[in-house]
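Trainee: I have just opened this model and would like to learn how to read it. Please show me where to begin.

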Amino acid sequence: MKKTLIVIDMQNDFVTGALGSKEAVAILPNVKKKIDEYIAAGHEVIFTRDTHGENYMETREGKYLPVPHCIKGTDGWQVVAELDREDCEHLDKPSFGFTGWSFAYDGARVLGMRRFEEIEIIGVCTDICVVSNALILKAYFPETNITVDASCCAGVTPESHAAALATMKSCQINVIGE
Ligand SMILES: [Zn+2]
């Protein structure tokens with residue numbers, strides 16, 4: 001069975017940059033180990049990137065969170081170098097949740113419908129982009145087994161991390177690594 005690891009927004013700005021946290025730094029070894037395991041087993045790894053433009057402060061997200069981050073092309077927008085892999089797919093998303101999961105892409109071009117046999121989700125922030133994408137994936141692929149490894153996720157705060165894990169469990173997502 002093909003397994004897919006989705007690595008959510010492990011970008012410099014969310015780890016050591018504008019919105020970094022010690023919790024995000026602390027999961028780096030676990031995230032690296034997980035990615036290496038998937039690659040070694042011949043499975044698929046997809047990186048998402050939170051992606052904003054220079055007009056970030058005028059966007060609705062910018063009004064609620066007035067901290068410019070993940071401006072496309074900047075160092076803060078890049079996936080953390082020790083985790084990133086050029087040979088894996090990268091999906092740029094302008095909002096918390098990616099709405100294009102049901103399509104397969106070749107660069108920016110849609111190739112057709114995507115199928116996932118088994119999904120594991122890791123990354124940051126547990127209570128924003130991890131939970132958003134977990135629930136969107138659950139809606140698009142209700143018969144696909146979806147797992148979130150808590151030991152490879154970090155939230156805005158430890159409390160909001162725990163609350164998001166509880167929400168995902170309520171929605172029948174397997175939460176491991178707590
Ligand atoms: Zn953002």
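Mentor: Let us begin with arginine 85, which counts as partly exposed because its relative accessibility is 24%. Buried means under 20% relative accessible area, exposed over 50%, and partly exposed in between (1.4 Å probe, protein chains only). This is a predicted model, where local features need pLDDT of at least 70 and side-chain atom pairs count only at pLDDT 80 or more, while totals for chains, interfaces and linings use all residues. Residues are numbered from 1 along each chain as its sequence is written, and side-chain values use heavy atoms, leaving out hydrogens and water.

Trainee: Which side chain meets arginine 85 in a salt bridge?

Mentor: Side chains of opposite charge can pair when their charged atoms come close. A salt bridge here is a side-chain nitrogen of Lys or Arg within 4 Å of a carboxyl oxygen of Asp or Glu. The partner of arginine 85 is aspartate 87, at 3.0 Å from N to O. Aspartate 87 is exposed, because its relative accessible area is 56%. Elsewhere, salt bridges with shared partners join Lys34, Glu120 and Asp149 into one network.

Trainee: How many salt bridges are found in the whole structure?

Mentor: The search finds 13. In one of them, the side chains of lysine 2 and glutamate 44 meet at 3.5 Å, N to O. Lysine 2 lies in the segment before strand E1 (3-8) and glutamate 44 in strand E2 (residues 44-50), so this pair ties together parts 42 residues apart in sequence. Helices (H or I, at least four residues) and strands (E, at least two) are DSSP runs, numbered from the N terminus. Another salt bridge joins aspartate 92 and arginine 49 at 2.6 Å, N to O. That pair links strand E3, which holds aspartate 92, with strand E2, which holds arginine 49, 43 residues apart.

Trainee: Which residues coordinate the zinc ion?

Mentor: Donors are N, O and S atoms within 2.8 Å of the metal (3.2 Å for Na, K and Ca); water is not among the atoms, so sites may look incomplete. Here the zinc ion is coordinated by Asp50 (OD), His52 (NE2), Glu61 (OE) and His69 (NE2), at 2.1 to 2.2 Å. Along the chain, these donors follow the spacing D-x1-H-x8-E-x7-H.

Trainee: Is histidine 69 buried or exposed?

Mentor: Histidine 69 counts as buried, because its relative accessibility is 1%. Histidine 69 sits in the loop between helix H4 (60-64) and strand E3 (89-93).
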